[in-house]
Each structure stands twice: as structure tokens, then as C-alpha cells.
Amino acid sequence: MTQIKISKIKGIIDRRILINYQIDKAVLENYLPKPFKPKLVNGKGIAGICLIRLKDIRPKGLPKQIGISSENGAHRIAVVWTENGKQKEGVYIPRRDTSSKLNALAGGTIFPGIHHLANFTINEKDGQYKVAFISHDGTALSITAKETNTWNTESVFENLDCASKFFENGAVGYSPDKNNFDGLELKVYNWKVSLLEVEHVRSSFFENESIFPKGSVKFDNALLMKDIEHEWIELSKIKN
């Protein structure tokens with residue numbers, strides 16, 4: 001089958017929740033495929049889940065009226081790697097889940113990376129957020145959180161500004177395909193994050209002790225972004 005590639009996709013991030021964990025360096029080093037290595041903050045690796053609702057998604061240059069909307073979840077690990085003799089940074093995305101049948105069918109063709117079709121449950125009102133999904137293979141996540149101005153003093157980041165800069169610099173992501181890592185860059189026109197206080201969070205991926213042994217994972221913080229205009233830009237593949 002001929003693969004169709006769209007190099008630039010434009011739209012709106014209607015809501016983006018970044019759930020972040022601190023993880024033992026040795027565990028991530030064992031899990032990550034080459035050429036990726038964990039990017040560290042105060043000796044800890046950083047990983048998590050991005051819960052993102054996209055709207056008006058369409059090829060750049062086309063009207064927003066033809067755009068599509070979807071709920072999506074991406075498991076992310078902050079990484080560094082060497083490319084053409086230079087150190088790069090971004091995120092390795094071992095898994096993507098989506099509410100969109102189009103995204104699931106077109107993953108790896110129109111959209112970089114494999115997308116798993118999942119059922120999302122959303123309840124958002126007055127600064128309260130309940131978001132959950134379960135995929136066809138049982139991969140599941142749920143979070144209950146509310147907007148706050150209080151920083152988690154147990155975080156490996158000094159404050160919100162430090163965390164914001166860290167994740168803004170992780171705009172490049174690579175996802176595994178059959179023989180390569182598909183690359184995508186998130187270009188945000190107006191980067192702005194705020195804090196969430198998490199009342200409950202469960203992740204079947206980060207609670208899988210065959211990958212992450214007991215005691216190697218600790219919740220760090222959760223961030224919120226709303227109404228962000230952006231582009232997704234396709235990058236050259238990295239061979240695995």
C-alpha cells in the first residue's frame with residue numbers, strides 16, 4: 001500500500017494534561033531502545049502520559065471547517081540521543097492511544113506512529129478534570145484532578161517555571177514503527193502551562209512491575225494547557 005505523508009498538520013490543543021512521574025535512571029536505561037537515553041532532573045528520569053484533546057486538525061493551509069477532533073493519550077519518556085554528532089533532546093513515545101478510528105487506521109501512514117483505538121471517558125467542569133481511557137488490549141489510565149496554584153514540594157523540579165521549560169524543550173517526539181522511529185515536532189504558538197492538583201491517578205503502564213519494579217516510579221506533578229494553537233511537523237525517521 002502506498003503511504004501518504006502529510007508533513008505539517010495544524011489545529012487547536014483544546015485541552016492537554018501532562019501527568020509526570022520521576023523514575024529510577026537504571027530502570028529507564030534498561031527499557032529504552034537505542035539510541036535513546038533518559039534525560040535526567042536531579043538524577044531522576046522523567047516519564048508520563050499526555051492526555052490531549054485536539055480539534056480542527058487538518059493539513060496546514062486547509063480551512064478548519066474540514067478538521068477533525070479526537071481524544072488522545074501518549075505515554076512519554078524524556079530522552080536525549082546523538083544525531084550527526086550533536087546531542088538532541090525530546091521524548092520517546094512507546095505508545096499512543098486515540099478515540100479516533102481515522103487516527104488508528106492511519107497511524108504510521110498519514111499520522112506518524114502506531115495508534116491504538118481506545119474508549120475515552122471525559123468529565124470536565126469548573127476546573128475539575130476526570131479523564132480515563134481503556135484500550136482494546138486493556139491498557140488503561142484514569143485521573144481525577146483540579147486546577148490549583150500550589151506546587152508539589154516533593155517534585156524533582158524546583159518550581160512550575162522549571163517544569164514548564166523542561167517540557168517545552170521536549171517538543172520532538174519519536175514513536176516506534178515496524179522498522180523505524182517516526183518523528184514528530186510539536187510547534188506551539190503560545191506556550192503556557194498551569195498546575196493541577198491530582199486527587200487520583202492510575203496507569204496500567206507505569207504500574208506494570210515487569211517493566212517498572214516496585215519503588216522505581218513516583219508521581220511528580222501534573223500540568224494543564226488549554227486553547228493552544230499549534231502545528232505538528234513530520235521529522236525524518238530514525239532507524240532502530
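1. Asn-20 counts as buried at 3% relative accessibility, where buried means under 20% relative accessible area, exposed over 50% and partly exposed in between, with a 1.4 Å probe and protein chains only. Asn-20 is found in strand β1; helices (H or I, at least four residues) and strands (E, at least two) are DSSP runs, numbered from the N terminus. Please keep in mind that this is a predicted model, in which local features need pLDDT of at least 70 and side-chain atom pairs count only at pLDDT 80 or more, while totals for chains, interfaces and linings use all residues. Residues are numbered from 1 along each chain as its sequence is written, and side-chain values use heavy atoms, with hydrogens and water left out.

2. What surrounds Asn-20, leaving aside its neighbours within four places in sequence? Asn-20 is in contact (heavy atoms within 4.5 Å) with Ala-47, Gly-48, Phe-167, Phe-219, Asp-220, Asn-221 and Leu-223. A polar atom of the Asn-20 side chain also lies 3.5 Å from the backbone oxygen of Leu-18.

3. The Lys-39 side chain makes a polar contact with the side chain of Glu-89 at 2.3 Å. A polar contact is a pair of N or O atoms within 3.5 Å; within protein, one must be able to donate a hydrogen and the other to accept it, and residues adjacent in sequence count only if both atoms are side-chain atoms. Not counting residues up to four places away in sequence, Lys-39 touches several others, including Ala-78, Glu-89 and Phe-166.

4. A cavity is a set of points, on a 1 Å grid over the protein atoms alone, where a 1.4 Å probe fits but cannot get out, and lining residues have an atom within 4 Å of a point. Grid points are joined across faces, edges and corners, and a volume is the space filled by probe spheres set on the points. The second largest cavity holds about 110 Å³.

5. The lining has eleven nonpolar, four polar and three charged residues (Ala, Val, Leu, Ile, Met, Phe, Trp, Tyr, Cys and Pro count as nonpolar, Asp, Glu, Lys and Arg as charged, and the others, Gly among them, as polar).

6. A search of the whole structure finds 17 aromatic pairs: rings of Phe, Tyr and Trp (its six-membered ring) pair if their centres lie within 6.5 Å, and planes under 30 degrees apart count as stacked, over 60 as edge-to-face and the rest as tilted. One of these pairs, Phe-120 with Phe-133, is tilted, at 5.0 Å centre to centre and 35° between the planes. Phe-120 lies in strand β7 (residues 115-125) and Phe-133 in strand β8 (residues 128-135), so the pair ties together parts 13 residues apart in sequence. Both Phe-120 and Phe-133 are buried.

7. Phe-205 and Phe-212, both buried, form an edge-to-face pair, 5.5 Å centre to centre with 70° between the planes. One aromatic cluster is formed by Tyr-21, Tyr-31, Phe-205, Phe-206, Phe-212 and Phe-219.

Notes. 1 Å grid on protein atoms, 1.4 Å probe; cavity = no way out; pocket = protein on both sides within 12 Å on 5 of 7 lines; lining within 4 Å.
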